[in-house]
Amino acid sequence: MTRLRLKSKITIGVLFLFIMLLLVSVLGYYYIDRVNRVSRAILEDNYESVEYTRNMLRAMDTWGLVPFTSEQEFEANLKKQEVNITEPGEGIPTQSVRKRYELLRKGDSSQIPAIKKDLYTVMEVNMKAIVNKNEAAMDTADKALLYIAIISGICFLLGITFVYNFPGYIANPIRELTEGIRGIAEKKYEQRLYFKSDDEFGELAAAFNTMAQKLDEYEHSNLARIMFEKQRAEAVISSLKDATIGLDNSGTILFANTEALQLLNVSDKELVGQPAPEAAKRNDLLKFLMEKGPGGPVKIVVNNRESFFMRETVDIFHEKEKIGYVIILKNITTFKEQDLAKSHFIATISHELKTPLAATDFSLKLLDDERTGPLVAEQKELLESIRNDNRRMIRMVSELLDFSRVESGNIQLQIQPVEPQQIVQYALDTVSKQAAGRQVNVRTTLPPDPVQINADAEKSAWVLVNLLTNAIRYSSPGSDVELDVLSTGTGALHFSVRDHGKGIDPAFRNKIFERFFQVPDSDDTKGSGLGLAIAKEFIEAQGGSIGVESEPGKGSRFWFALPLYKA
């Protein structure tokens, strides 16, 4: 059996109403037409015969008075009557009138009464026909009214039933579907729709029920999977060697592994599920971890032994939306101890090397003195080469000593008001011989107004000398090195050194201040790679900042900024 679609049902319903309306219209038109035809027949047949008869009777009454006129009028009406015989019993008296009229025209005036009698007979026949036809027309009209009323009543009842039930047939499934969708949105996956129709609504209900069943199955199966994944995640977190604490966006502690609980000296029940600000009030270490401060090693005493940890905060995202973050404490005690041992080793070796190197430098000066004996040209050239190598070794040892002091935190700063001219002049005096030897001109720009900076003059001058030395080394003969000292308007004085050398590749720009890093394929590979790293430590220890701007082929610009002195 072919199922009717919803569109077909709507079409049939509308077509049914249209047929009912058409039926009433056709029926009304049919009966009205019948009444109209009966009325027209009465008018055309019987009423005209009565009118002709009346005219002939009037002519008979005036026959002797105006014979010619009466004869014409009678003749004309008699001819019309003879062609308008429509009723049974009307033809005989009409023929009798014709015979008697012919005798009357010949002078037999005794025919007038008989003619009138025949005319009255014709009139009576037509009057009875009019009455009968009128009654038939009235009967037809009454039947038409009755039939139209019955059919209209039936159509009205069917229309009311259709209008009352059909919107519900459409709206009720939609309402139930809306409620079902709301239930699904509220995770009520047991929600089902039951439509008895076999149309689109039935198919929609079947599809909805299938979807709800699949979601219900997924929900229950997914719950078990989620529980399994949760337990596995907890096992993984607990097995981590680093202390790990997870929090959501509201600051609630979601988990903490065994290492974190041991460091915080709290139990799992006392920490997990608690708001971090509340728990931090009872635990100083947690309070410190929650503070957003500068990164760096954190010293924590564990089992009466100093341990060092590095704090890291990692944001957790789900579908590009932050849902929480994790605090990780990496145990760097071993690395810290190794680093300390390395610093002690470097300091010891540097100190032990500096003494013989200084003695060697003094001995070279004695050899260069003519009082110890004259030297030939080859000997002087060899002596100069040894002196350069020795001074380079002394510089490298000095940098290693400075580096060991930086790493050990033993930088002794003498912060005081300093005029930038003093630092600049000391640096220019120091690099003047190197600049002259390379035929490089150092152009200096100083602030027009007298200012002072809050800095360590010796360490700041060391940094400026290092930057100028590098700029001169990488400049071609005859070029300029620009030394600019300008106020930034932000409470700091800006020192910058610009050369016009080959520049630094962008790939190495972020590593230029790292320890022991040297730009590959540089002209000078005999350095230690510590100068810029030490410079960065010196400047930042004074509360300043340092950086570089460079473009391959267009030179480099190294700069550092130190805070202005406020009296």
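User: Before we look at strands, what counts as a pair here?
Analyst: Two strands pair if DSSP finds at least two bridges between them. Strands are DSSP runs of E with at least two residues, helices are H or I runs of at least four, and both are numbered from the N terminus.

User: OK, and which residue stands opposite M310?
Analyst: That's K330, in β5. This is a predicted model, where local features need pLDDT of at least 70, side-chain atom pairs count only at pLDDT 80 or more, and totals for chains, interfaces and linings use all residues. Residues are numbered from 1 along each chain as its sequence is written, and side-chain values use heavy atoms, with hydrogens and water left out.

User: How many bridges join β4 and β5?
Analyst: Ten, in the antiparallel sense, with β5 covering residues 321–331. Their hairpin has two residues between the strands, and E319 takes a positive phi near 55° there.

User: What about β3 and β4, parallel or antiparallel?
Analyst: Antiparallel, over six bridges; β3 is residues 297–302 and β4 is residues 305–318. I300 has S307 in β4 as its bridge partner. These two strands also form a hairpin with two residues between them, and N303 in the turn has a positive phi of about 55°.

User: How much of the contacts comes from residues 24 or more positions apart?
Analyst: 61% of those with a separation of 6 or more, a contact being heavy atoms within 4.5 Å.
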